[in-house]
Amino acid sequence: MESIDPTPAEHQEETQPSEDKDLLDQVLLLMFNDLPTTDLFSPEQIEKLRQLADAGSLHRPERVIEILQAE
Amino acid sequence: MKILELDIQNIRGLPNVSVPLGGRNLLVWGPNGSGKSGVVDAVDFLLSGRITRLTGPGTGGISLAQHGSHVDAEPEEAVVRARIDLPGIEGPIDISRSIGSPDHLDCPEEARALLSEVEALARRGQHILTRRDILRYITADPSSRADQIQKLLDLSDVENLRRGLVTVVNSLRTGLRAAQGDVGTQEERLAAALDLDAYREAEALRLVNEHRVALGAPLITELKSQDIKAGVSSPSPDESPQSFNPDLAKKDVSRIEEALSESRAAQVKQVHKDFLDSLSVIRSDPDLLHELKRLQLIEKGLDLLDGSGRCPLCDTQLDAEALKNHLEGKRDKGRQAKVYEEKLGKKAEDLRDFATNVLASIDQVATLADGLGDQRARDLLEEWHVKLSSLQDAMDDPIGVYSNDDFPLELAGRLWAPESIEDRLVDVGQAIERAPPASARQTSWDVLTRALERLSDLEGGHDGVATVTRASQRAQVLIDCFQRSRDAVLENLYSAIRDRFVEFYKILHDHEPDFSASLQPEGAGLDFRVDFMGRGAYSPQALHSEGHQDSMGLCLFLALAERLSAGLLGLIVLDDVVMSVDSEHRRQVCRLLTESFPDKQFVITTHDQTWAMQLKAAGVVQLGDMIHFVNWTLQTGPIVGQIRDLWERIKEALDDTDVNDAAARLRRGCEQYFEMVCDSLHARVRYNSEHRWDLEDWLRASLSRYSELLKNAKSTAQSWGETETVESLNELSSVKAQIFERCQIERWAVNPSVHYNNWANLTPDEFTPVVQAFHDLCTLFECSACGQLIQVTEAHGVEVAVKCPCGQVTWNLERSTTTS
């Protein structure tokens, strides 16, 4: 089992886009701050999506679908 | 990144040009056709590996490989080299790129990663502004402006991710439809197991309970696979002496025979024919399919029409009536296509049902034939099973997948069954007849066994639908959330760019302190409005002059470039961008460049001499960093005049005993130099209607004016009783007189040994003193501290002083009004 960080608190503190960050990074920061507000996603799914984004692979549909279909 | 030295070999119209920039701003000026843009192209090519001017609309048939190099040079001979300063790398480094290998930047390995970032910025166009770009920013329609700005902002990563997430949403929707289709098939299979003509849950439950009662089990209230055989007692082995149930096997064979019957054949043929008719109509008209795919979009677009003629999708301004008619035509065609698609879908569903109804029985009888040792029957039935399974798949996407070759028209009546299958079924049927009948309990047990297996599949299908449904909902939330976040980030970004744009614009137009602007996404476009004299916000081209529009384009570009280049690409090329800006506002442009961008290196080209002089006077470029292109020829390119290295080049020519070259350089250099002196000192040059002046004209006016100003300065100093200043100016007069004498100024026009037209006939020894004399003459007009030209300054139209930019040279021209 991969280690999961269920508290996105540090992300909540970073919701203001920084000028130094790439546009995509800013967008993802906001998006991952919003996602936990819906109960459709489990913390594990959000963490896996975040890891996929960190790896620069969130644009790969097959990887995203695999995560979204996991229960 | 800043350029210290630039060497251009065989790029466009420049066979050989070297420019020592030293990281400072550079001005390239000269008439049209003198090769100025070649410098822009060379810098563009060096940084990006392409020449932007050779790309885009209207450049069809033009390529970098064929048109990037000088017309007489091979691509490998076309090279741009530069010595640069790069943040993060110690000391200057040398880089180069050849048209022969445009994708390869030759550079030290330790700098490659940083230079890759510079290349990425340059490929987005962050380093060059041309008048064509200004039009794209300012006068373009919102969608073109959005394209241009988003390209500069490099939203490609954001857009790629959006597309990826849209693909996720669409894939899951398609997956959901497929999963729902599978559930339909599984229901049909369960219905067949219970000998029902179609699946109905209550009826299926009733039949299951009948068989359960026959096996001594209680009734169940819900149809669940785990309950179907719960509590039932299995029949004893002697109740069914063979491995199959003859009663169920007969029904399976009977179901297959029915599928091959004449009455069913007529139905299948008719359905198949209708299917092919609809498919043919859709496939024969590509527009129909195209409009079908866009029908929803077109209908939405029609709903959004507001009568203004603005396209609701791309914001392009069109004729309102024509746009409406255009969309209605597409909608009607799309609706027509929709009718065909629905007909096709219905027939595809019917064909799918024909296959589904018989597939389970084919499977059962194939297994039975295998058990009976009838390999031929088993092989034919399995072949048929594969064919009908592929028919089911084709019916999921008939327009894209279905092929007449796979499902010939003439075999439709047989439901594409292999030849002689009927004979094998007869053999299998006879074997079943020979088998002793199964007991009722055994039959109930076998029915429940089949029902259990198929209900289990159906439950799996329902689970699959639930899983894909949830995934589909998550995907929708994900993309909604992504798009909200993207919009918030872009809004923030556009606000910051707008604020900076307004700040820059106010510097250029300081009489408009209340100027404001808005820059915000509107659909796919980017709406840009600016205040007009406090009377409201309008599109830039609505009321503002061309000059104002050009200055807006410049300000918007600088606001974007400043924000995005992040210090890595400190170079900005401005290619003839102030053509429509008037003289007063050009001064403010100079102020903007020097005050707001002190750390940037500008390469500025212009054909406008006045603008060139303003840039020099304002200190945007130094005297030595102005290069003048004239007399371009195909073989030699332009003659390049640059004061900074003029004397060095002349010395090199004399060292090579090439007096002709030295003389030409001295003449061109001095013409350029004394023209600037005339401008700085407000000298009066003898007018001629051809507007062509030579060294004699510039020199005569410069010397005369210098003498006049010096005399006025002395007189002024005397009026103030400033004896030290008077002495200093007297000393300067003396130096001037000596230099004038040395240049034989008094007689230069009549003395053939120094007349510039005859310089080329002199020997190096004879010419060297002439060069030295002119060199010393030039120093009279420059400050020894800052190296810049001295210039007349005015207040309210009255000459008040002669000064240099650093202030070391200051001749007061305002006399004292008191009498001593």
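Predicted model: local features only at pLDDT ≥ 70, side-chain atom pairs only at ≥ 80, totals over all residues.
Me: How do you know what area is buried between chain B and chain A?
Reply: Buried area is the accessible area (1.4 Å probe) that two parts lose on being put together, summed over both. Here that comes to about 2,400 Å², with 77% of it from carbon and sulfur atoms. On chain B's side, Arg474(B), Leu478(B) and Val489(B) supply 27% of the area buried against chain A, more than any other three residues.

Me: Why is Asp34(A) with Arg484(B) called a salt bridge?
Reply: The rule wants a side-chain nitrogen of Lys or Arg within 4 Å of a carboxyl oxygen of Asp or Glu. The closest N and O atoms of Asp34(A) and Arg484(B) are 4.0 Å apart, so the pair counts as a salt bridge.

Me: How do you know what confidence chain B has?
Reply: Look at pLDDT, the predictor's confidence in each residue, from 0 to 100. Chain B has a mean of 86, and 95% of its residues reach 70 or more. Over residues 749-753 of chain B, though, pLDDT stays under 50. For the model, the scores are ipTM 0.78 and pTM 0.62.

Residues are numbered from 1 along each chain as its sequence is written, and chains are lettered from A in the order in which they are written. Local features need pLDDT of at least 70, side-chain atom pairs count only at pLDDT 80 or more, totals for chains, interfaces and linings use all residues, and side-chain values use heavy atoms, leaving out hydrogens and water.

Key. Contact = heavy atoms within 4.5 Å.
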